[in-house]
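Hi everyone, thanks for coming along.

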Amino acid sequence: MKKANKKLSANLITYGIVIVAFILCQIAIAGIIPGFKMTRSLKGQLIPICVYVVMAVSLNLTVGISGELSLGHAGFMSVGAFSGVIMGMWLNKGMGVENELLCLLAAIVVGGICAGIAGVIIGIPVLRLRGDYLAIVTLAFGEIIRNVLNCLYFSLDGSKLHVSFNNPSIPGKLLVNGPAGATGVNKMATFEVGFVLVLFTLFVVLNLINSRSGRAIMAIRDSRIAAESVGINVTKYKMMAFVTSAFLAGMAGALYGLNFSTVTAAKFKFDTSILVLVFVVLGGIGNIRGSIIAAALLTVLPEMLRAFSDYRMLIYAIVLILVMLATNNPTLKNAIGRIIPHKAKKESDKA
Amino acid sequence: MKKFLVAVLALVLVMTACLASAEGAIKIGVIGPMTGAAADYGTSVANGAAIAVEEVNAKGGIQIELNVQDDEHDPEKSINAYNNLWDWGCQMIVGTVTTNPCIAVGAQAYEDRMFMLTPSASSTDVIADKDNVYQICFTDPNQGSASAQYISDHTLGTKVAVIYNNADAYSTGIYQTFEAKAKELGLEVVAMTTFTDDTTDFSVQVTSCKEAGAELVFLPIYYTPASMILQQAKAMEFAPIFFGVDGMDGILSIEGFDTSLAEGVMLLTPFSADGQDEMTVNFVKKYTELYGNVPSQFAADAYDAIYTLAAAIEKAGITAETPAEEACDMLIAAMQELEITGLTGTMTWAATGEVTKSPTAVVIKDGAYVGAQ
């Protein structure tokens with residue numbers, strides 16, 4: 001009972017951090033308190049931060065909770081981004097739905113569903129395999145989807161949607177123009193929706209972790225043989241984690257796609273998958289709260305370093321290395337343990 | 001954690017201190033890729049613009065202050081760079097250098113009423129439905145049809161092969177208009193092969209061009225893959241005329257690239273560094289002295305962009321105190337009436353933001369760009 005309460009309070013802290021951060025941002029945007037006003041540069045990054053937080057938390061579900069290395073998370077994001085953009089623009093321009101919030105929400109749901117379907121398609125053959133195969137196949141999936149998207153053309157002719165492969169001459173106005181991507185997209189995304197999406201992601205992931213299914217998923221991660229021996233359906237639970245992760249990534253992708261007036265497949269390269277993986281690793285594998293903080297800080301950091309101009313990527317890399325060294329330093333851990341006693345106890349529990 | 005927050009806050013303070021600026025100067029922001037795969041374009045633009053600003057300031061009339069921000073050729077980073085400039089109090093933008101970031105920033109700038117003059121983002125999407133975005137360079141469709149026209153007019157070859165990047169908007173855009181125009185002019189496209197961003201082995205593409213007996217290979221691509229194609233064609237002893245567009249510009253400044261491989265390569269660009277007019281000679285001399293290499297078309301475009309803006313600012317009577325929104329409308333009005341003779345030719349602008357000027361072809365001879373006759 002005591003343990004359950006502890007988990008609940010830990011989860012509440014995570015929600016609390018997000019909500020407090022949101023309220024602080026709103027105060028800073030409004031500029032109520034003199035001297036505490038958000039710069040335009042930071043304000044512009046709020047939605048990308050929400051997107052990357054959702055991406056990191058959802059990837060943590062695959063990597064940290066389910067214990068499978070996925071290197072194609074950006075692939076799911078791109079599926080969500082493109083399906084979301086097409087859905088949003090079709091509703092707005094084709095069907096004449098004036099309310100952009102409604103279009104955005106529909107786009108996010110559709111983006112999530114499409115990415116979820118992609119997750120099922122990839123997951124069925126792959127999750128039955130053992131070892132590192134998932135990493136290799138997700139990597140391949142990320143590359144395949146990017147190249148397929150480069151050849152896709154969607155156009156809007158009145159309320160009709162046309163699709164073609166490798167042939168731009170289709171009737172109507174091009175929505176998605178092959179390698180040029182989607183251009184002229186309405187900027188529908190708002191920070192408020194991004195915030196709700198982060199809360200929704202946390203709600204889904206934290207509840208999944210603390211449920212019967214979540215315990216089964218973690219049991220499989222810790223020992224597949226032991227889990228199988230007590231009758232846990234390995235493929236089913238792995239699928240559950242993987243598809244949920246893909247679904248959430250698709251939602252993040254849709255929000256991302258509708259935040260800029262252009263979105264291209266080239267954005268969702270291997271680099272982006274690795275970037276999200278860096279958030280997860282830096283925040284702590286399996287640590288949801290860490291993922292949120294790491295994703296937010298590492299998204300803002302390169303912008304903070306603009307004053308260093310050409311050296312900023314170098315400094316960014318050095319910061320990454322230092323953080324990794326510092327968080328794994330036993331002396332530092334002891335020092336923290338002295339200040340916050342229960343942390344030290346936790347460490348000794350682990351050891 | 002607390003210490004980290006303090007450090008971050010300190011950093012922000014330092015940055016704001018850095019951004020404190022000179023009195024009375026008009027603030028122009030430059031956005032482009034200073035790092036990453038397209039860095040050559042961004043740095044060329046920044047260098048060219050810096051030279052022009054220095055010259056304009058030296059004249060003593062309008063004073064310009066330049067702030068260059070990196071966007072890594074990524075729309076997301078480009079928006080960040082734009083917002084950063086907005087915080088700085090930027091009044092107008094020269095940029096962005098590459099197409100997709102320019103579309104993203106253009107939409108935001110349209111909302112904010114910020115005037116943009118892009119030296120090199122050549123897609124028609126850049127200026128579509130926006131009255132505040134103007135171009136110094138040709139649009140992609142123009143480049144494709146102008147290339148076909150040039151090849152046909154100068155009878156460079158009737159059997160044409162094309163290698164293009166079908167994962168790139170710029171390359172695909174030019175190819176599509178080239179193909180249409182080539183058909184119209186009776187050029188025979190004997191081979192058409194594609195590649196994507198990550199391709200490093202072009203043997204398949206080059207072989208198919210060779211087997212089809214192409215006399216001319218049209219490369220509407222950027223310089224990095226082009227350099228590899230030239231290398232591999234040489235290895236296969238395949239030596240047709242290689243014809244490029246403005247993305248090929250910069251091929252001579254790739255580190256470690258054997259410039260003899262590019263001997264005889266033709267490219268359609270509005271600027272050639274061996275021009276004999278006083279303006280070009282001065283610019284090339286200054287650029288070479290300062291940065292150690294011969295300026296590409298991007299540098300020239302940026303140089304012209306600054307002079308165009310300076311002329312427009314003068315015409316519209318904009319001062320350092322004019323807010324960006326007002327400056328935007330004043331500049332739009334002024335741009336329509338301007339006729340600028342710069343490094344890249346004599347330019348006038350339509351209300352859409354599209355430029356009118358005539359293209360010239362250059363050929364690479366002895367490791368330098370030379371005007372083709």
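**Inside chain A**

Let's begin within chain A, where domain 1 and domain 2 bury about 1000 Å² between them, with 78% of that area given by carbon and sulfur atoms. Buried area here is the accessible area (1.4 Å probe) that two parts lose on being put together, summed over both. Before going further, please keep in mind that this is a predicted model: local features need pLDDT of at least 70, side-chain atom pairs count only at pLDDT 80 or more, and totals for chains, interfaces and linings use all residues. As for bookkeeping, residues are numbered from 1 along each chain as its sequence is written, chains are lettered from A and ligands numbered from 1 in the order in which they are written, and side-chain values use heavy atoms, with hydrogens and water left out.

Domain 1 of chain A brings 11 residues to the contact and domain 2 of chain A brings 10, where contact means heavy atoms within 4.5 Å.

Now for charges and polar atoms. There are zero salt bridges between domain 1 and domain 2 of chain A; a salt bridge is a side-chain nitrogen of Lys or Arg within 4 Å of a carboxyl oxygen of Asp or Glu. The rule does find one residue pair in polar contact there, both at pLDDT 80 or more. A polar contact is a pair of N or O atoms within 3.5 Å; within protein, one must be able to donate a hydrogen and the other to accept it, and residues adjacent in sequence count only if both atoms are side-chain atoms. On the domain 1 side, the touching residues are seven nonpolar, three polar and one charged. In that sorting, Ala, Val, Leu, Ile, Met, Phe, Trp, Tyr, Cys and Pro count as nonpolar, Asp, Glu, Lys and Arg as charged, and the others, Gly among them, as polar.

**Inside chain B**

Chain B is also assigned two domains: domain 1 (25-138 + 280-358) and domain 2 (141-269). Their C-alpha centres lie 29 Å apart, and the contact takes 11 residues from domain 1 of chain B and 12 from domain 2 of chain B. These two domains bury about 1100 Å² between them, 49% of it on carbon and sulfur atoms. On the domain 1 side, Tyr41(B), Phe138(B) and Gln297(B) supply 42% of the buried area, more than any other three residues. Between the domains of chain B, the salt bridge count is zero.

Let's look at some strands too. In chain B, three strands form an open antiparallel sheet in the order 11-12-13. Strand 11 (340-342) and strand 13 (355-356) of chain B are at the edges with a single partner strand each, so one side of each has no neighbour in the sheet. Strands are DSSP runs (E, at least two residues), as are helices (H or I, at least four), numbered from the N terminus, and two strands pair if DSSP finds at least two bridges between them. Within this sheet, Thr341(B) is opposite Thr346(B) in strand 12 of chain B.

Strand 14 (residues 360-365) and strand 15 (residues 368-371) of chain B run antiparallel, joined by four bridges. Their hairpin has two residues between the strands, and Asp366(B) takes a positive phi near 50° there.

**Where the chains meet**

Five salt bridges are counted between the chains. One of the salt bridges joins Arg312(A) to Glu72(B), with the closest N and O atoms 3.1 Å apart.

Methods. Domains from an automatic or database assignment.
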